[in-house]
Amino acid sequence: MNGTTGETSPTPSADVVDAGHLAPAGGVPSVEGAADTTVAGPGSVAQWTERYTHAVMDTFGPPQKVLVRGEGAYVWDADGTRYLDLLAGIAVNALGHAHPTLTAAVSAQLGTLGHVSNFFGTPTQIALAERLLNLAQAPEGSRVFFTNSGTEANEAAFKMARRNRDGVAGPGTRTRVLALEGGFHGRTMGALALTSKAAYREPFEPLPGGVEFVPFGDLTALEEAFSADAVAARGEVAALVVEPVQGEAGVRPLPPGYLVAARELTAASGALLVLDEVQTGVGRTGTWFAFQQQEIGGGITPDVVTLAKGLGGGFPVGAVVAFGERAATLLGRGQHGTTFGGNPVAAAAALATLGVIERDGLLANVRAVGEQLREGIATCGSPVVAGARGRGLLIAVQLAAPVAADVARLALDQGFIVNAVQPDAVRLAPPLILTRDQASDVVAFFAGLPADLVGSPTAPHGSADPAPTVPATRPKG
Ligand SMILES: Cc1ncc(COP(=O)(O)O)c(C=O)c1O
């Protein structure tokens, strides 16, 4: 496949589009000529967007493009324009698009047994639970609960926290759940209660109570939250919920040592340590789970890890991994449930995704290509770029001014999908199969950003960010 981006294939004909079979016949489209995004015929991006605005609830705003097919790290829109997908459906498409192994596994399972209720088990569901426990190096007595999404996994974890209710001072004395400022855990009511951003929370208050936010990465504040004074005044702590690397806050890794200290504080007080690895799990940071990296987790064993996003390689599936007998038995029979969670097709998708990551050595690829991207972007010489940070293939490009939306628009025009995660930061979360050549194209894009994007050199920065960022430097020579 041609390694350049922003190229076109012939626009699918109207009858192909109307039939709902949007992939141009004959596999990979040809890539001659420049993109013509002004085409407005039947089935064009413009026409689909118009239909979208009348049919789909306006919670996301209009779509940036209407996409019709994908292959590997590329997707094509309804006008036939190709994009290098550096967002992967927000850290989801671990194997890229239309991966043959994933496609075959899902098709085979659907053609064999597509759904059963949780009155029944299936071999795929059971095998996936065992596989996750094995990859997480979970101790004897550990168990998995399956969901369909990240927010549902966090809802289950929240309910587990509520069940961890009996404290040192007696039954029902653990009333507090701690979460971090800047954290994002989902949009359903429990997960939203754990999410700190006021704009997400306030329209839906009152939310489930008892949640307290502690400043990101501040160990003194965390110690205070567990102190005897805090317990006497506000009650014991049932759980601490954290992302090892905050994704939506702009790819902010927790400072080294934080999780080790958090583990000590939670263990000493009987609180659960819940790691939200919905975004960081399943290889995204270069290990199966981010907490397994020494510099992030320091060798700790958490009580609960929540997963989703990359787990199904694009098929909706989430999971709660409960470490050890105590965490695994907090939710008893009838205390939680789901119709679709543990569905065998979703489980087959997850097993295939995990299998390909292992078979193709993708964890090593994530580490190598991630480093290439971070170093390359940080040293690309553009005055628009102030640095790059992150782990593996979860990366934020720090900009020298709050121009992330402009950068994302320019990227799209040039055939790259990126995400303006903060006013002054662009997030990259590409498929784990991204190649070195594709990474070079990405570096070239950032190097070529027009200097006038940042205007005067004193343009204001966005939010202060304590995360370690590889500082931008000019190329030598
Ligand atoms: C860390 C984290 N937790 C939870 C969620 C919510 O997941 P979902 O959108 O699948 O409900 C997200 C989504 O971005 C996330 O990044």
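Reader: Which residues are closest to the ligand, and how many surround it?

Author: 15 residues surround the ligand, and the closest are S149, G150, T151, G186 and V278. A residue counts as near a molecule if its C-beta atom, placed from the backbone, lies within 6 Å of it. This is a predicted model: local features need pLDDT of at least 70, side-chain atom pairs count only at pLDDT 80 or more, and totals for chains, interfaces and linings use all residues. Residues are numbered from 1 along each chain as its sequence is written.

Reader: Which helix gives the largest share of the shell around the ligand?

Author: Helix 6, residues 150–163, gives three residues. Helices here are DSSP runs (H or I, at least four residues), as are strands (E, at least two), numbered from the N terminus.

Reader: What classes make up the shell around the ligand?

Author: The shell has four nonpolar, eight polar and three charged residues. Ala, Val, Leu, Ile, Met, Phe, Trp, Tyr, Cys and Pro count as nonpolar; Asp, Glu, Lys and Arg count as charged; the others, Gly among them, count as polar.

Reader: What is the average pLDDT of the chain?

Author: The chain averages a pLDDT of 90, and 87% of the residues score at least 70. pLDDT is the predictor's confidence in each residue, from 0 to 100. Over residues 457–468 the pLDDT is below 50, and this stretch has 18 contacts beyond near neighbours in sequence. Residues 473–477 also have a pLDDT below 50, with five such contacts in the model. Two residues are in contact if their C-beta atoms, placed from the backbone, lie within 7 Å.

Reader: Why are helix 5 and helix 14 called oblique?

Author: The axes of helix 5 (residues 123–135) and helix 14 (residues 344–359) come within 8 Å and cross at roughly 40°. Axes are lines fitted to C-alpha atoms, for helices over the stretch in contact, and angles run from 0 to 180 degrees between N-to-C directions. Angles under 35 degrees count as roughly parallel, over 145 as roughly antiparallel, 65 to 115 as roughly perpendicular and the rest as oblique. Helix 5 and helix 14 are therefore oblique to each other.

Reader: What is the handedness of the crossing of helix 5 and helix 14?

Author: The crossing is left-handed. That term applies if the near helix is turned anticlockwise from the far one by less than a right angle; clockwise is right-handed. In helix 5, T124, Q125, A127, L128 and R131 make the contact, meeting P344, A347, A348, A350, L351 and L354 in helix 14. By class, this contact has eight nonpolar, two polar and one charged residues.

Reader: What makes helix 4 and helix 14 roughly antiparallel?

Author: Helix 4 (residues 100–110) packs on helix 14 at about 155°, with the axes 8 Å apart. That angle is in the antiparallel range, so helix 4 and helix 14 are roughly antiparallel. Their crossing is right-handed. Among the contact residues are L102 and A105 of helix 4, with A348 and L351 of helix 14. The contact divides into 11 nonpolar, three polar and no charged residues.

Reader: Why are helix 15 and helix 17 called roughly parallel?

Author: Helix 15 (residues 362–378) and helix 17 (residues 436–447) pack at about 20°, with their axes 9 Å apart. They are therefore roughly parallel to each other. This crossing is right-handed.

Reader: Which residues does a cis peptide bond join?

Author: The bond joins E205 and P206, with omega about 10°. P206 sits in the loop between helix 8 (198–201) and strand 6 (211–214).
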